[in-house]
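Dear colleague,

Please find the structure below for your files. My notes on it follow.

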Amino acid sequence: MQRYALCTLLVFAALMVACSRSTPTNYYLLESRLTPVSAESLPGKSLRVAPVTVPEYLDRDGIVSRVGESTQLVVAQFHNWGEPLSHGVRRVTREVLTRPMLASGVNVLPAGDESTADYVLYLDVQRLDGNFDQKAVLDVRWTLRDKYNDVLARGIYVDEENVSGKTYDILTAAESRMVQRMAEHLTRRLPGFTGGRQ
């Protein structure tokens, strides 16, 4: 009887130890890999990147991927964004826009500065996901408005990149590069509408 109780206790203890170990969660960021910008003075004109909208299926911590070419989605349990995806897209867009917009005479307002700007850039992400060993896709609608809320320009930016691997590092790196290219595209488009030098 004592032997049975001891075996049961040992099995129970082993199960408790096995169950107490969980898979660590990995966190990822979108990034631009650009060096910070310094300026002695800032231009009088300003551009604010408005809070970015994302579809509900992307508005979550877990990184979303697709199964093949289907509409089936997989939300990662242990691979999460380190910040809301909408914040990451906004941050990278600001980082990429800052240097070229300064050169064209427009100051991109930093994070936390929600003051009235001469221009406001709205980004509506329609899609930012991918499938392993296939491709990642970015689809963004953008609108530039002036301080009176009049629309100055609108556009659609779509990009794809091959994903050569089955890791979240590879997928999120591809998504980062696409967001950076979208912002670089805007650096070529926006100065013509803000009266800046191109």
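**An aromatic cluster and a hairpin**

Y28, F132 and Y168 are linked into a cluster by ring pairs. Rings of Phe, Tyr and Trp (its six-membered ring) pair if their centres lie within 6.5 Å; planes under 30 degrees apart count as stacked, over 60 as edge-to-face and the rest as tilted. The model is a predicted one, in which local features need pLDDT of at least 70, side-chain atom pairs count only at pLDDT 80 or more, and totals for chains, interfaces and linings use all residues. Residues are numbered from 1 along each chain as its sequence is written, and side-chain values use heavy atoms, with hydrogens and water left out.

The count by this rule is two aromatic pairs. The pair of Y28 and Y168 is tilted, because the ring centres are 6.5 Å apart and the planes stand at 45°. Y28 lies in strand β1 (residues 26–28) and Y168 in helix α3 (residues 168–189), 140 residues apart. Helices (H or I, at least four residues) and strands (E, at least two) are DSSP runs, numbered from the N terminus.

Y168 is buried, at a relative accessible area of 13%; buried means under 20%, exposed over 50%, partly exposed in between (1.4 Å probe, protein chains only). F132 and Y168 form an edge-to-face pair, 5.0 Å centre to centre with 85° between the planes. F132 is partly exposed, with a relative accessible area of 21%.

Elsewhere, strand β3 (residues 62–66) has five of its five residues buried. β3 and β4 form a hairpin with six residues between them.

With kind regards

Notes
Two strands pair if DSSP finds at least two bridges between them.
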